[in-house]
Amino acid sequence: MSKTRYKNQKESNEAIAKAYIENDYTNSQNKLLLVSKANYGKISSNVCYSSVDDKGMNFYEFNKNAERNLMLIERYEWSDFSSVTINHSITKSAFTFVGHDKNRDITIEVKGKEVEQVIRNHSSMEVNVVKRPVWTKVLGYRSQTSWKMFMASTIYTLILLFILHALLPAATHNFIMELASLVLFLSIIGLLIGLIKPKWVLPKFKVKTRKRVLFSYLYLIFSCFFIAVAFTDGESTSTPASTQVSSSQNSVTVASKKDGADSSKQKVEKNDSDKAVKEEAKQKAEEQAAKEEAKQKAEEQAAKEEAKRKAEEQAAKEEAKQKAEEQAAKEEAERKAQEQAAKEEAERQAEKQAAKEEAERKAQQQAASQQATTSSSTSSSGNYKPFENDPSDDQQSNMSCSGQIKGNKNSKIYHVPGGAYYDRTQDNIVWFCSEADAQAAGYRKSQR
């Protein structure tokens, strides 16, 4: 494909690009479906074109001063992506391709819906089209930028204002001017209130911010100001005509004083009516301001009462928590007191039991002492014979003087209860009821 051909023919850039692309597809197995201007992001600052075929898309960079005007940048196959999201506007369409390992954002100019149809017919991708309201496709609203929307709204309002000024009769100009002045006054109040509490003046907006208040009420202020100025000028321009009419009426009423009096009376009534309208508008504005102020005070009072209620609830919770802690401490003290009383009662019972056992032991000792005295008297008469146990049976329960004087038959030594060897002596035991009995039998007392 010769470069000279295109220069001689003075073809457009799009025609040159289309010719190159058609030539590239001459020997290709893919079927070329359409060619469109595209925006390929930051990869290239030059103008780009896309060719859409049945299997994918090619992207070319156009340079009219190069040896080859069109250079292939990259190709994407439909199979590389699983889904695509499309956002159509009036002049272009934004495509966001989502793949397994990569995503691509591409803008197609003019032919976006045709590209969407190709994708639906020749690929298995899931196609998601962003639904946009009609007003977002209007110039100035497509980017959804606040300042652009503000400028567009102001310009469109001025255009509509000039049309209405030309269409509406002059008799309505005064009423429109006064209405615009009233709305202008209320808008200024709304702007001041909204900068403090945005939610009070943006009841139907989802985003209630000071930025939204600023743009919305500035638009109202400027619009009402322009309307008031425009229709005031219209009233002044129509004044000469009314003056001429009144002059002709005055010339006519020269012949009739009664008609002149009636005309003067009508003028006075009209002036009174205008003053009454102005007074009524002023009164309505004051009433509206009073309502806004009362509403603000009511909301502040409600906020104070809510804060007071929350403080009371918090104090009640703290008091309940303190009472619960005091109750728990009281119950713990009562439990400890009960445990201490139970412990003292157990100790007292143990002391009683010990005292009872001690009394029984003393009684047994007393009985044993009396028996020993009896035995001693018996032995002194020559009839006493000590008890000798079986060496293989040393149980104390088998003798009458068990637990008293324990003698060793082999060593002839006797041991008293509490002695060092009393418990160690286990075999060859001879039991005595008293030391006198042991000594009478020829035993001596252990030194330990």
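Analyst: Here is how some labels follow from their cut-offs. This is a predicted model: local features need pLDDT of at least 70, side-chain atom pairs count only at pLDDT 80 or more, and totals for chains, interfaces and linings use all residues. Residues are numbered from 1 along each chain as its sequence is written, and side-chain values use heavy atoms, with hydrogens and water left out.

User: Why is Cys48 called buried?

Analyst: Buried means under 20% relative accessible area, exposed over 50%, partly exposed in between (1.4 Å probe, protein chains only). Cys48 has 2% relative accessibility, so Cys48 counts as buried. Cys224 has 7%, so Cys224 is buried too.

User: How many disulfides does a search of the whole structure find?

Analyst: The search finds 0. A disulfide would be a pair of cysteine sulfur atoms within 2.5 Å.

User: What makes Arg120 and Glu116 a salt bridge?

Analyst: The rule asks for a side-chain nitrogen of Lys or Arg within 4 Å of a carboxyl oxygen of Asp or Glu. The closest N and O atoms of Arg120 and Glu116 are 3.0 Å apart, so the pair qualifies. Both residues lie in helix H3, 4 residues apart, about one turn of the helix. Helices (H or I, at least four residues) and strands (E, at least two) are DSSP runs, numbered from the N terminus.

User: Is Arg120 buried or partly exposed?

Analyst: Arg120 has a relative accessible area of 41%, so Arg120 is partly exposed. Glu116 has 12%, so Glu116 is buried.

User: How many salt bridges does this rule count?

Analyst: The count comes to 12. Among them, Arg348 pairs with Glu345, with closest N and O atoms 2.2 Å apart.
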